[in-house]
Amino acid sequence: MMTNDCEKVIAKTGWGFCHCFIIGLCGMCAFAEACVLPIILLVVPFVACDLNLSATQVTTAYAMLTLGMAIGSFLFGLIIDANGRKGSIPLTMIVVFCATITLAFAQTIFLIYLSIFVLGLGSAGNNVVLRVYLIEFLPMKRRGFCLVLLDILGIIGYISTLGVTWLLIPSVIRLQNKRFRPNSWRVLVGLGGISNLIMACAASLLPASPRYLLYRRRKEEALTTLQQIYAINNSMHADTYSSGSLDNCVQPDEEDEGDRDNLVKVIQRCCAKSYKRIQDICERPFRYVTMLGICMGFLQFPGIVWVALWNTQLLQEMGNFNKMSKKNSTCIIDIQNLVLEFLHNCQEVNTDRFKVLLYLSLSYILAEILLLAGIDVIRRKIVLVSSGLIGAIACFALLFTVNNVVQIVLSLIILASYAIGRTTTSILLLENYFTGVRGTIIGLSRILPYLIGSATKYFVNIYCLPSILIMSGILMSTAVAGSRMPDLTRLPMQE
């Protein structure tokens, strides 16, 4: 059931510096996490040059990253529902840092695969934890705005890393007298991990989630946290905060915690509770919403990085196809070309690929800014359905134009529609589940898309026309599935 009790309690803390601090710190954590993936994406071709990897080994490296993200999102989704949100934020960022440092010193293909896999664990886990943690502090009138702001900061981190890497790579591969230094990719990887270590330390300043504390029947701690937020926001003494009754805010965990001295029993109990949570979201009244959420997650399986890469190669292939149409050329999207063509060869960077990817990715920021303005004004489902329809129409229009400018504009619309749909889907899912299973459902909804994304790394070799139709189907189907989701815009979250 939905209850206004929690919303009233959170609203009484006011809105001020404390909320801004929490949102800003979570945003910087998202920024740091988003900086790592583009670096891994771009340095793997350099790893291939340095260690003489085959194209299959390069593809396997990317597949290991996505496989790690599938496991990491589900694993940390279970962990935060079992042990809390706050402590998991620095944990995921330390995992990312350790993985990048290990990768920077890796000399064998096994250690490279393992490092990239662990990096996927931490990165996807951090993405889940931040969203679940943040939404539990926000009043209902600002939930959408703040979660979109979190995605904006993540995308800014992704785009800024692309730009910085584009500037650094020419000097990285030619350090002394223009001699080729392929092993200098290790410096870039190490730099990407440092920001995560810094933010892992800063995340210790975050307060614990009051909703989760109430779920764990730690009423005094929850009240203390709410009083601190109130005092900072309003420059008032904490004792003047009047919360009313917290008893009906969140349904507490009624299960006995039992003896914590026996590690085996603790693990068994944790697994049993995790299984119970999965059962809860797969039974009424959540079964239908869970099926929709998993379906919508599956439909968005490429992810913003790979959608941008697809669009980049699509534009370049369509341009080549139009120029060489008289020679019966074919327009093909190949997964190996998506990642390996950042280099013409081991001593020359493909600057055109960098430019196109960077400029197209700017549409993500524009899309999120538009969403920022309307997510709490327009209902979530209207935003989701509209973006899906617009993106699908842009895909079909792309089939009937050969003008380069029009193709670029349509590509920007497609990427923007995808970004809006992805962010809105995440918000809808977070709002429709109660505190005890919120992490579990987000993690569960991301298993299938990451697994599909990992598998497709091996066999994606598709003509341009079918790839455009598939993208159109993804956008349209997400809109249709989203139209059936319960919409809690400006309403209390499920509790």
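Between which two helices is the loop that holds Pro285 found? Pro285 is in the loop between helix H10 (263-281) and helix H11 (287-299). The peptide bond that leads from Arg284 to Pro285 is cis, and its omega is near 5°.

## The chain as a whole

The protein chain contains 19 helices and 6 strands. Of its 495 residues, 57% are buried. The accessible surface of the chain comes to about 20700 Å², and carbon and sulfur atoms account for 65% of that area. When contacts between residues at least 6 apart in sequence are considered, 83% of them join residues at least 24 apart.

Confidence in the prediction can be described for the chain and for one stretch within it. The mean pLDDT of the protein chain is 84, and 89% of the residues reach 70 or more. Over residues 175-180, by contrast, the pLDDT is below 50. In the model, this stretch has 9 contacts beyond near neighbours in sequence.

## Two helices that pack against H17

Helix H17 (residues 438-445) packs with helix H5 (residues 109-135) at an angle of about 145°, and the two axes are 10 Å apart. The crossing of H5 past H17 is right-handed. On the H5 side, the residues that meet H17 are Val128, Val132 and Ile135, while H17 contributes Arg438, Gly439 and Ile442. By class, this contact consists of 4 nonpolar, 1 polar and 1 charged residues.

Helix H16 (residues 404-431) also packs with H17: the axes come within 9 Å and cross at roughly 145°. H16, too, passes H17 in a right-handed crossing. Here Ser426, Leu429 and Leu430 of H16 meet Arg438, Ile441, Ile442 and Ser445 of H17. The residues of this contact divide into 4 nonpolar, 2 polar and 1 charged.

## Residues within helices

Which residues does Thr478 touch, leaving aside its neighbours within four places in sequence? Its contacts are Met296, Leu299, Gln300, Leu384 and Thr425. Thr478 itself is placed in helix H19 (residues 464-482). Thr478 counts as buried because its relative accessibility is 5%, and the cut-off for a buried residue is under 20%.

Ser274 is placed in helix H10. With a relative accessible area of 8%, Ser274 is likewise below the 20% cut-off and is therefore buried. Ser274 and Leu78 are 196 residues apart in sequence, yet their C-alpha atoms are 6.3 Å apart in space.

Gln57 belongs to helix H3 (residues 55-83). Its relative accessible area is 26%, which lies between the cut-offs of 20% and 50%, so Gln57 is partly exposed. Leaving aside neighbours within four places in sequence, Gln57 is in contact with Asn52, Ile109 and Tyr113. Gln57 and Ile109 are 52 residues apart along the chain, and their C-alpha atoms are separated by 8.4 Å.

## Residues in loops with positive phi

Where in the chain is Arg217 placed? Arg217 is in the loop between helix H8 (210-215) and helix H9 (219-234). Its phi is near 60°, a positive value in a residue other than glycine. Arg217 counts as partly exposed, because its relative accessibility of 44% falls between 20% and 50%.

Ser235 lies in the loop between H9 and H10. Although Ser235 is not a glycine, its phi is positive, at about 55°. The relative accessible area of Ser235 is 68%, which is over the 50% cut-off, and Ser235 is therefore exposed.

The table below gathers the relative accessible areas of the residues discussed above.

| Residue | Relative accessible area | Class |
|---|---|---|
| Thr478 | 5% | buried |
| Ser274 | 8% | buried |
| Gln57 | 26% | partly exposed |
| Arg217 | 44% | partly exposed |
| Ser235 | 68% | exposed |

Key
Residues are numbered from 1 along each chain as its sequence is written. This is a predicted model: local features need pLDDT of at least 70, side-chain atom pairs count only at pLDDT 80 or more; totals for chains, interfaces and linings use all residues. Side-chain values use heavy atoms; hydrogens and water are left out. Helices (H or I, at least four residues) and strands (E, at least two) are DSSP runs, numbered from the N terminus. Buried means under 20% relative accessible area, exposed over 50%, partly exposed in between (1.4 Å probe, protein chains only). Contact means heavy atoms within 4.5 Å. Accessible areas come from the Shrake-Rupley method with a 1.4 Å probe; for residues, only the protein chains shown count as cover. Axes are lines fitted to C-alpha atoms, for helices over the stretch in contact, and angles run from 0 to 180 degrees between N-to-C directions. A crossing is left-handed if the near helix is turned anticlockwise from the far one by less than a right angle, and right-handed if clockwise. Ala, Val, Leu, Ile, Met, Phe, Trp, Tyr, Cys and Pro count as nonpolar, Asp, Glu, Lys and Arg as charged, and the others, Gly among them, as polar. pLDDT is the predictor's confidence in each residue, from 0 to 100.
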